[in-house]
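Please look over the sequence and the structure below. A report on selected features follows, with the cut-offs given where each term comes up.

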Amino acid sequence: MTAHGAAASRQDGDGQLRRVMGPGLLLLFIVGDVLGTGVYALTGQVAAEVGGAAWAPFLVAFLVAMLTAASYLELVTKFPQAAGAALYTHKAFGVHFLTFVVAFTVMASGITSASTAARAFAANFAEGFSLSLGEGVGVTVVALAFILLVAAVNFRGVGESVKANVVLTLVELTGLLFIIAVGAVALGGGEGDLSRVTEFETGSGGVFGSVTTATALAFFAMVGFEDSVNMAEETRDPVRIFPRVMLIGLAVTGLIYVLVSISAVALVPVEQLGEGDTPLLQVVQAGAPGFPLGIFAFVTMFAVANSALINMLMASRLMYGMSRQAVIPAVFGRVHAGLRSPWVAILVTTGMAVALITVVGRVPALGGTTALLLLCVFAVVNVAVLVLRKEPVSHRHFRTPTALPVLGALACAFLASPLVERDPAQYRTAGVLLALGVLLWVVAAAFNKRRYGTATLARDPALLKRGPGEDAGPRRPGD
């Protein structure tokens, strides 16, 4: 995933975001948002869960993502504003605490995603420089150094642009297309074993249990499409453009993932592919042994580094926004006088990432936690679209068949449940993160009650994603 909440803060003189994105740029944004750490780092772990048919979990994850995307399309064309799940939750239910939980969950998913990328970066760094770091202290040290470097860049301030995202997308896309080409050439030359792609490794739950367990992990590779709704105010004619472009973007990424997974299991035995956090490097080594492995390692590093940076940007700015709306303590909204970056929020979100990298460690656990958090958000969004059917708008908009959000809500809730045999560490990690968020909410509510006479001051969830200097601070009742 290359951009979690990557809506820029570019504004005209009248305070409106400039509509600079046409269908082409929006398509590249969506494709680039979905491509990234997931497929580069977790293909082997998915194969380890389900066997040679590793394409099946990616296909199921794609179908579940399409169900949820249909709900997002109705909501973004009905309410073309840059706020995403928090806005839709607030409009549907009007419960400030629930809006906060959704916003904090999105923020936490950005931190776990960046931590996943940091571990993947470290593993590919070791391969790129031929270092024997193992999977313990050495990789952890590199991952921590990387996340601190990301924090330094974040502190200096980074202006995100859609055109820069085009370049990053092309790099990531090139790496994955190269894997597909390597697989096609190698298989055409009689190498590898294509019959492996029909083999299922079934445990006590049979094929269904194996595929759903692997899908719960593979879903991490499909997240990111939801961030595109934050570009609604910068897209030309979003009501007309969004449905076609989002569906095409998801179809393209889904097809790439299926082809990449087929190439991977056909060229590398499943038991070998599931070892370590650099599965696609093994594919290059097996299918194109003459190709300099370090080059592909650097492509992977570039892809996951970008993912980490944009996720940490999103997380720190969202924490800043929640503080400025007085839904968490005001100290988290402090801005550096010279650089105008939210330095306290950056320190806190970086500290959380450091703890996750150190304590949780492995890529599958961190990626699985990201998927778990976002599946919960997606379940809420799928319900919200049904609730908001009673709130008509004056303009025409996309309307998804009622069955799709119902199926989407059920599928997301199921994949987030213990029924898919998730690693318990994912629930513990998500629980600790959300407990921290609730604690911050309670402290802020107590302060607001004593000072303003009301526990909740946030009135506009759309403000939660604004950057430093755009909001004057907490609103008092009646302001």
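## L404 and its contacts

Leaving out residues up to four places away in sequence, L404 touches L67 and A70. Contact here means heavy atoms within 4.5 Å. L404 sits in helix α15 (residues 403-416). Helices are DSSP runs of H or I with at least four residues, strands are runs of E with at least two, and both are numbered from the N terminus. The C-alpha atoms of L404 and L67 are separated by 5.6 Å, although the two residues are 337 apart along the chain.

L404 counts as partly exposed, at 27% relative accessibility. Buried means under 20% relative accessible area, exposed means over 50%, and partly exposed lies in between, with a 1.4 Å probe and protein chains only.

## Basis of the model

This is a predicted model in which local features need pLDDT of at least 70, side-chain atom pairs count only at pLDDT 80 or more, and totals for chains, interfaces and linings use all residues. Residues are numbered from 1 along each chain as its sequence is written, and side-chain values use heavy atoms, with hydrogens and water left out.

## Overall make-up

The protein has 16 helices and zero strands. It has 479 residues, and 58% of them count as buried. Take the contacts with a separation of 6 or more: residues 24 or more positions apart account for 82% of these.

## Two helix pairs

Two packed helices are described by the angle between their axes and the distance between the axes. Axes are lines fitted to C-alpha atoms, for helices over the stretch in contact, and angles between N-to-C directions run from 0 to 180 degrees. Angles under 35 degrees count as roughly parallel, over 145 as roughly antiparallel, 65 to 115 as roughly perpendicular, and the rest as oblique. A crossing is right-handed if the near helix is turned clockwise from the far one by less than a right angle, and left-handed if anticlockwise.

Start with helix α6 (residues 137-156) and helix α13 (residues 343-360). Their axes come within 10 Å and cross at roughly 165°. α6 and α13 are therefore roughly antiparallel to each other. α6 passes α13 in a right-handed crossing. On the α6 side, the contact is made by T140, A143, L144, I147, L148, A151, N154 and F155. On the α13 side, it is made by W343, I346, T350, A353, V354, I357 and T358. By class, this contact has 11 nonpolar, four polar and no charged residues. Ala, Val, Leu, Ile, Met, Phe, Trp, Tyr, Cys and Pro count as nonpolar, Asp, Glu, Lys and Arg as charged, and the others, Gly among them, as polar.

Next come helix α1 (residues 23-34) and helix α9 (residues 238-267). They pack at an angle of about 40°, with their axes 9 Å apart. α1 and α9 are therefore oblique to each other. α1 passes α9 in a right-handed crossing. From α1, the contact uses P23, L26, L27, I30, V31 and V34. The α9 residues include F242, R244, M246 and Y257. The contact of α1 with α9 divides into 13 nonpolar, two polar and one charged residues.

## Aromatic pairs

How many aromatic pairs are there? The count comes to 16. Rings of Phe, Tyr and Trp (its six-membered ring) pair if their centres lie within 6.5 Å; planes under 30 degrees apart count as stacked, over 60 as edge-to-face and the rest as tilted. Y72 and F378 form an edge-to-face pair, 5.9 Å centre to centre with 85° between the planes. Y72 lies in helix α3 (residues 55-78) and F378 in helix α14 (residues 363-387), so this pair ties together parts 306 residues apart in sequence. Y72 and F378 are buried. Ring pairs link Y72, Y88, F219, F225 and F378 into a cluster.

F121 and F125 form a stacked pair, 6.2 Å centre to centre with 25° between the planes. They are four residues apart in helix α5 (residues 96-128), and so are separated by about one helical turn. F121 is buried, with a relative accessible area of 14%. F125 is partly exposed, at 22%.

T215 lies in helix α8 (residues 206-218). T215 counts as buried, at 1% relative accessibility. Beyond its neighbours within four places in sequence, T215 is in contact with P57, V60, A61 and L415.

E421 lies in the loop between α15 and α16 (424-452). E421 has a positive phi of about 55°, although it is not a glycine. E421 is exposed, with a relative accessible area of 56%.
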